[in-house]
Amino acid sequence: DRMSAALIQEQSAVSFGSLSVPETDDAADDGFSMQIITWNVGTAVPPDDVSSLLGLNSVDARIDMYVIGLQEVNSMINKRLKDAIFTDQWSELFMDTLSPFGYVLVTSERMQGQLLLVFAKYYLLPNLQDIQTDCTRTGLGGYWGNKGGVSARLSLCGHMICFLNCHLPAHMENSEQRMDNFESILQLQQFNGPAANGVLDHDVVFWFGDLNFRIEQYDIRFVKSAIEKNKLGILWEKDQLNIAKAVEPALNGFQEGPLNFRPTYKYDVGTNTFDTSSKKRKPAWTDRILWRVKMSDCYDLSPNPRRSNFPDGKSSHIQVLQHVYRSHMEYLISDHKPVTAIFSLKFSHKMQTPLIQLQVEDEWSKPSDAVVRYRMASSFAKSSWDWLGLYRVS
């Protein structure tokens, strides 16, 4: 778990692994682009096409990494047994869609109906290190994984990033329980290594999922009328998550873009019509994407700041910008609409020289050609948990 490594052919030399040498400041750096997707799929069979969800049809799209968090993936016992033997349908769909564009599945984590997938462009694999995953059950007092959180963390160019996909308790009256569950997840999720043990120890945290927060006070007629008149700002004020951000210490520092899209729940399956069943659930922005930049890393406010990851001891400034925050009404298979956000991350310093460098022949025409030579930096701390990943690049 100490090193993620990828074998990437690029002319006659390839490199992979951990990171060690910082680059000089690059003012012209456009940053690192990332798209996060959250979708409660309601146990549905995957659609035939997710290209528009991933933005693959966009001419100017340049995404370095995709992070996909799903909730309510079919987890009936017969389905889970099949998924344990074969790749589940959702993972297969995203792999088949992204692979032709040069993306590699870096890591994944599954807990019953929750699924987290992290894809990166193959050329970024040498800059990824210390990849770990975790999961926390909060259903039935912590014994059942229908609710809870799955996470993946990694070092990106020397900066610790954590992705947390949550499915929190439902219903209007359970706002306090949702916060209790979130705090339990933060407390229970722990990672190995000195850099960042807890979720909030990371330089940047992305928190997303079916967080299940609802719109208080207003009745369903008022909510629907405000939506039809595009007066969404009125509803933001009574959104339980927005209210909680102002008073809950666990949410300090978490940011979210404006909710300039229709509530993503609850729809009649197969339509864009809000719930017409006997339950008539009030529309709500249950599906959210938030982020948090560690204050001590960006502004050096901590009296005992964490020791710098960089050999020259320079502080690490990270800027996170959100460019897109939207829902996708065209997907009709679930009573939730998927939500996506596109971010750029800009680092004041980056570690880009791998601790491990490999050399491999351009083509393997016979078995004797299949030899890889590698060289380790003297500063590389070896471990029995180190591993090499061999990826096929289309």
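**Exercise 1. Helix H5**

Determine which residues of helix H5 are buried and how they are arranged about the helix axis.

Step 1. The buried residues of H5 are three in the list Val-223, Ala-226 and Ile-227, where buried means under 20% relative accessible area, exposed over 50% and partly exposed in between (1.4 Å probe, protein chains only). Helices (H or I, at least four residues) and strands (E, at least two) are DSSP runs, numbered from the N terminus. The model is predicted: local features need pLDDT of at least 70 and side-chain atom pairs count only at pLDDT 80 or more, while totals for chains, interfaces and linings use all residues. Residues are numbered from 1 along each chain as its sequence is written, and side-chain values use heavy atoms, with hydrogens and water left out.

Step 2. Seen down the axis of H5, these buried residues fall within an arc of 100°, so they line one face of the helix. The arc is that of the directions from the helix axis to the C-beta atoms.

Step 3. Arg-221 and Glu-228 are exposed and belong to the face of H5 turned away from its buried side. Helix H6 (232–236) is included in what covers the buried residues of H5; contact means heavy atoms within 4.5 Å.

Step 4. At the start of H5, a side-chain oxygen of Asp-219 comes to within 3.2 Å of the backbone nitrogen of Arg-221. After H5 comes Asn-230, with a positive phi near 60°.

**Exercise 2. Helix H4**

Compare the span of H4 with the expected value, then state which elements its buried residues pack against.

Step 1. H4 covers residues 175–188, which is 14 residues. The expected span of a helix is 1.5 Å times one less than its number of residues. From first C-alpha to last, H4 reaches 20 Å, close to the 20 Å expected.

Step 2. Ser-175, Arg-178, Met-179, Asn-181, Phe-182, Ile-185 and Leu-186 are buried in H4. Viewed down the axis of H4, they fall within an arc of 160°, so they line one face of the helix.

Step 3. The face turned away from the buried side of H4 carries Glu-176, Gln-187 and Leu-188, which are exposed.

Step 4. The buried residues of H4 pack against strands E7 (128–139), E8 (144–156), E9 (159–167), E10 (204–210) and E11 (254–255), and against helix H7 (240–247).

**Exercise 3. His-167 and Asn-212**

Step 1. His-167, at 2% relative accessibility, counts as buried. Asn-212, at 3%, counts as buried.

Step 2. A polar contact is a pair of N or O atoms within 3.5 Å; within protein, one must be able to donate a hydrogen and the other to accept it, and residues adjacent in sequence count only if both atoms are side-chain atoms.

Step 3. Leaving aside neighbours within four places in sequence, Asn-212 is in contact with residues including His-167, Lys-147 and Arg-178.

**Exercise 4. Glu-248**

State where Glu-248 lies and what it contacts.

Step 1. Glu-248 is in the loop between H7 and E11. Glu-248 is partly exposed, with a relative accessible area of 23%.

Step 2. Setting aside neighbours within four places in sequence, Glu-248 is in contact with Met-179 and Glu-183. Glu-248 and Met-179 are 69 residues apart in sequence and 8.2 Å apart in space, C-alpha to C-alpha.
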